Amino acid sequence: MSGLRPSPSRWLWEQHCCLPLHCRADISELARYPAGSYLSINIGYSPQSKADSTRLAEYFRWNASADSRFRLVTGRDDLAVARADERIALAFDLEDSGPLDGDLANVEHFHALGVRSLLPTYNHVNAAGCGCLDADDTGLTAYGRDLVRELNAVGVFVDGSHCSVRTGLDLAATTQRPMIYSHSNFAGLWSHPRNITDDQARACADTGGVIGINGVGIFLGRNDPHDGAGRLAAMADHVEYGIDLVGIDHVGIGSDYSFDHVDFNHEMQQNPGAFSAAYTMFGPLQWVPPEDTLRVWDVLAERGFDDAAIAAVAHGNFDRAARQVWTA
Ligand SMILES: [Zn+2]
């Protein structure tokens with residue numbers, strides 16, 4: 001737990017959300033989250049190169065530095081300072097190892113730009129391992145294992161979201177520090193290739209890690225555009241399922257909210273190579289917005305969870321894991 005103990009609803013550790021991946025994105029949208037929150041902002045996935053993701057990180061950093069509502073994370077102290085100053089702490093994540101351009105020295109490069117979590121494989125096989133949409137699952141490669149060691153050494157979360165089952169299990173077996181699933185729900189509740197098995201969840205928890213529950217309709221099994229209340233309840237269901245499965249210390253939030261979902265839905269339709277029918281068969285994706293993510297705590301309270309349990313899910317668990325990983 002953090003030394004600071006504001007009301008659980010006052011600050012959120014959001015382990016993954018998405019601004020548009022171009023240098024016209026409006027980062028002021030991030031102020032929809034409450035002051036004191038920590039946000040991990042995506043700066044690229046499989047289509048981006050090192051140059052693309054570097055440009056995005058620099059653009060987001062430049063904008064955040066010019067806006068007094070935000071504070072860039074350089075060290076762990078920045079989180080406490082951001083909460084004390086009622087700012088929003090910002091760091092970045094990569095969804096795929098492709099933006100490393102095949103050079104592990106670039107982990108250090110992106111860490112210096114504020115990247116604090118990286119997942120090796122976005123949906124489909126690459127040099128590091130297999131993705132969750134691959135029919136043939138051969139797990140983490142030798143390069144992928146070297147990548148895990150480099151992430152451990154530099155102090156970046158090893159993230160299993162979007163990876164295949166075996167790749168996820170291999171990540172847990174390889175990492176020397178807590179691993180995370182930044183934004184993954186449970187296949188035991190809703191069968192979808194993007195959701196993780198109970199074995200993956202247990203292996204993650206055994207490393208001391210945390211599973212961030214997302215608010216994406218197709219991964220919750222509630223994608224009707226008019227069913228916001230159903231999505232909120234389903235998000236709480238996945239939190240509750242995770243707590244029953246791996247314990248209160250290993251569940252958090254990574255809502256995956258997309259601040260430009262019209263663009264993202266268009267990109268999915270245009271890019272069937274990265275997004276199979278498992279993504280597109282339900283119609284345009286729906287998300288639980290930041291304002292509703294904060295209401296998950298009310299749903300959990302109605303279900304009998306106390307303040308300490310809610311605080312653990314809201315921020316405490318990822319905060320603890322970061323303390324163990326980021327101080328490499
Ligand atoms: Zn994702």
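The model is predicted: local features need pLDDT of at least 70, side-chain atom pairs count only at pLDDT 80 or more, and totals for chains, interfaces and linings use all residues. Residues are numbered from 1 along each chain as its sequence is written.

The chain holds 13 helices and 9 strands, taken as DSSP runs numbered from the N terminus (helices H or I, at least four residues; strands E, at least two). Along the principal axes, the C-alpha atoms fill a box of roughly 45 × 40 × 40 Å. Of the 328 residues, 52% count as buried. A residue is buried if 20 or more other C-beta atoms lie within 10 Å of its own, exposed if 12 or fewer, and partly exposed in between, with C-beta atoms placed from the backbone.

Strand β4 (residues 88-95) has 8 of its 8 residues buried. Ile88, Leu90, Phe92 and Leu94 lie on one side, and Ala89, Ala91, Asp93 and Glu95 on the other.

| Partner of β4 | Sense | Bridges |
|---|---|---|
| β2 (residues 38-42) | parallel | 5 bridges |
| β3 (residues 70-72) | parallel | 3 bridges |
| β5 (residues 115-119) | parallel | 4 bridges |

Ser40 has Ala91 in β4 as its bridge partner, and Leu72 stands opposite Leu90 in β4. From β3 the chain crosses through helix α2 (residues 77-84) to β4 in a right-handed β-α-β crossover. A crossover is right-handed if, with the strands pointing away from the viewer, the path from the first strand over the helix to the second runs clockwise. Leu94 stands opposite Leu118 in β5. The crossover from β4 through helix α3 (residues 105-112) to β5 is also right-handed.

Asn42, in strand β2, counts as buried because it has 23 C-beta neighbours inside 10 Å. Beyond its neighbours within four places in sequence, Asn42 is in contact with His16, Cys18, Asp93 and Glu95, where contact requires C-beta atoms, placed from the backbone, within 7 Å.

Val299 is in helix α12 (residues 296-302). With 18 C-beta neighbours inside 10 Å, Val299 counts as partly exposed. Not counting residues up to four places away in sequence, Val299 touches Leu232, Ala233 and Ala236.

Key
Contact = placed C-beta atoms within 7 Å. Pairing = 2+ DSSP bridges.
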